[in-house]
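Reader: Please present the structure, so that its helices and their contacts may be discussed in turn.

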Amino acid sequence: MMSEKIRGSQKIDRTGRAWRSVALTGGLGLGLIIFIFPFWWLVVASTRSANEIYAKTPHLTPGGEFLNNLKGLMGSTDFGTAIVNSVVVSVLYVLIGAVVCSLAGYAFAQYQFKGSKILFGLVIAVMSLPGQVTLVPLFKMMLNFGWLGSYQSLILPDLAMPFGVFLMKQAMGSFPRTIVEAARIDGAGEFRIFSTIVLPAMKPSLAALSIFMFLARWNDFTYPLVVQRSPSQYTIPVALATLQGIGTTDYGQLLAGTALSVLPVLILFVFLQKEFVSGMLAGSIKE
């Protein structure tokens, strides 16, 4: 009797685990569909004409109008130049900004100087400020410098990205101080310690920082709209905004350009997703 009860209990447990597994799989599948559907609709709409997009019965499969939409997009705006501008600005911003944020993070993590906590507190405070607060001061600075309509007006401001400084400080704070002290005793200079010992160990955090900085500059719309002077200086978000007319908007062209602008971000994340996750966890374990 006892063995039968045990077998019955085990059977109930297995049934319960099976149902929980089915429910979990179904919930994850539903969540995946909800997450992916907007991207799928973007792809579908970019391959349809404006009339098909406006149709009462929505189309859920790709059409054959992508090349026509792309030709119309190139004819309506200088989209090729906008792509070049976005790539140049975003890549240079990431390369220079990653170095600046890493240097600041190293200083905050490895040095205890007078006022360091206050300065780092200010960095945290700046993270809470919306970008619109600094829009007018930045515009006046760029105007006084004579930088309106130039690459440096889009690259140099916000190189010391507050979130980037915070991320690198947390990551470098978990780096063993004993290794840094040993290198100092051996006569290594601070820049050599930073560049050859600490920074190579920060690759996951640098990958996460690069993704955040690339997205921040690649998707930025308001600030480039204010400081750029002519269509030849537009980045992708600003160029796409010019397609939205007062009376009508060709959403086929607009969504074709949007689909192209999303593609580099997806490729970047696919190649750096492992480092991105590791970088976001950096600093969670202290020495």
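Reader: What is the handedness of the crossing of α9 and α10?

Author: The model is a predicted one. In it, the axes of helix α9 (residues 177-185) and helix α10 (residues 190-198) come within 10 Å and cross at roughly 135°, which makes α9 oblique to α10. The crossing of these helices is right-handed.

Reader: Is α4 roughly parallel or roughly perpendicular to α9?

Author: The axes of helix α4 (residues 79-110) and α9 come within 12 Å, and the crossing is at roughly 95°. Angles of 65 to 115 degrees count as roughly perpendicular. Therefore α4 is, relative to α9, roughly perpendicular.

Reader: Which residues of α9 does α4 meet?

Author: On the side of α4, the residues are Y106, A109 and Q110. The contact of α4 with α9 comprises three nonpolar, one polar and two charged residues.

Reader: What is the handedness of the crossing of α5 and α8?

Author: Helix α5 (residues 116-127) packs with α8 at an angle of about 130°, and their axes are 8 Å apart. This angle makes α5 oblique to α8. The handedness of the crossing of α5 and α8 is left-handed.

Reader: How many nonpolar, polar and charged residues has the contact of α5 with α8?

Author: Helix α5 contributes F120, V123, I124, V126 and M127. Helix α8 contributes P162, F163, V165, F166, K169 and Q170. By class, the contact of α5 with α8 has nine nonpolar residues, one polar and one charged.

Reader: Is M161 buried or exposed?

Author: M161 lies in the loop between α7 and α8. Its relative accessibility is 11%, and residues under 20% count as buried. M161 is therefore classed as buried.

Reader: Which residues does M161 touch, not counting residues up to four places away in sequence?

Author: M161 and A98 are 63 residues apart in sequence, and their C-alpha atoms are 8.9 Å apart in space. With residues up to four places away in sequence not counted, M161 touches Y93, C101, F212, M213 and A216.

Reader: What is phi of D158 near, and is D158 buried or partly exposed?

Author: D158 is found in the loop between α7 (151-155) and α8 (162-173). Most residues other than glycine have a negative phi. In D158, a residue other than glycine, phi is positive, near 65°. With a relative accessible area of 42%, D158 is partly exposed.

Reader: Is V44 buried or exposed?

Author: V44 is found in helix α1 (residues 2-46). The relative accessibility of V44 is 1%, and the cut-off for a buried residue is under 20%. V44 therefore counts as buried.

Reader: Which residues does V44 touch, not counting residues up to four places away in sequence?

Author: The C-alpha atoms of V44 and E65 are separated by 9.9 Å, while these residues are 21 residues apart along the chain. Leaving out residues up to four places away in sequence, V44 touches H59, L60, T61 and P62.

Reader: Which residues does UniProt list for "transmembrane region", and what percentage of residues 145-167 is helix?

Author: The unreviewed UniProt entry lists residues 21-43, 82-106, 118-139, 145-167, 193-216 and 251-272 under this term. Residues 21-43 are 100% helix and 0% strand, and the end C-alpha atoms lie 32 Å apart. For residues 145-167, the end C-alpha atoms are 31 Å apart and strand is 0%. The helix content of residues 145-167 is 52%.

Reader: How many helices and strands has the protein, and what percentage of its residues is buried?

Author: The protein has 14 helices and zero strands. Among contacts between residues at least 6 apart in sequence, 73% join residues at least 24 apart. Of the 287 residues in the protein, the buried residues make up 33%.

Key. Residues are numbered from 1 along each chain as its sequence is written. This is a predicted model: local features need pLDDT of at least 70, side-chain atom pairs count only at pLDDT 80 or more; totals for chains, interfaces and linings use all residues. Side-chain values use heavy atoms; hydrogens and water are left out. UniProt positions are given in the numbering used here, feature names are shortened, and annotations may be inferred rather than shown by experiment. Helices (H or I, at least four residues) and strands (E, at least two) are DSSP runs, numbered from the N terminus. Buried means under 20% relative accessible area, exposed over 50%, partly exposed in between (1.4 Å probe, protein chains only). Axes are lines fitted to C-alpha atoms, for helices over the stretch in contact, and angles run from 0 to 180 degrees between N-to-C directions. Angles under 35 degrees count as roughly parallel, over 145 as roughly antiparallel, 65 to 115 as roughly perpendicular and the rest as oblique. A crossing is left-handed if the near helix is turned anticlockwise from the far one by less than a right angle, and right-handed if clockwise. Contact means heavy atoms within 4.5 Å. Ala, Val, Leu, Ile, Met, Phe, Trp, Tyr, Cys and Pro count as nonpolar, Asp, Glu, Lys and Arg as charged, and the others, Gly among them, as polar.
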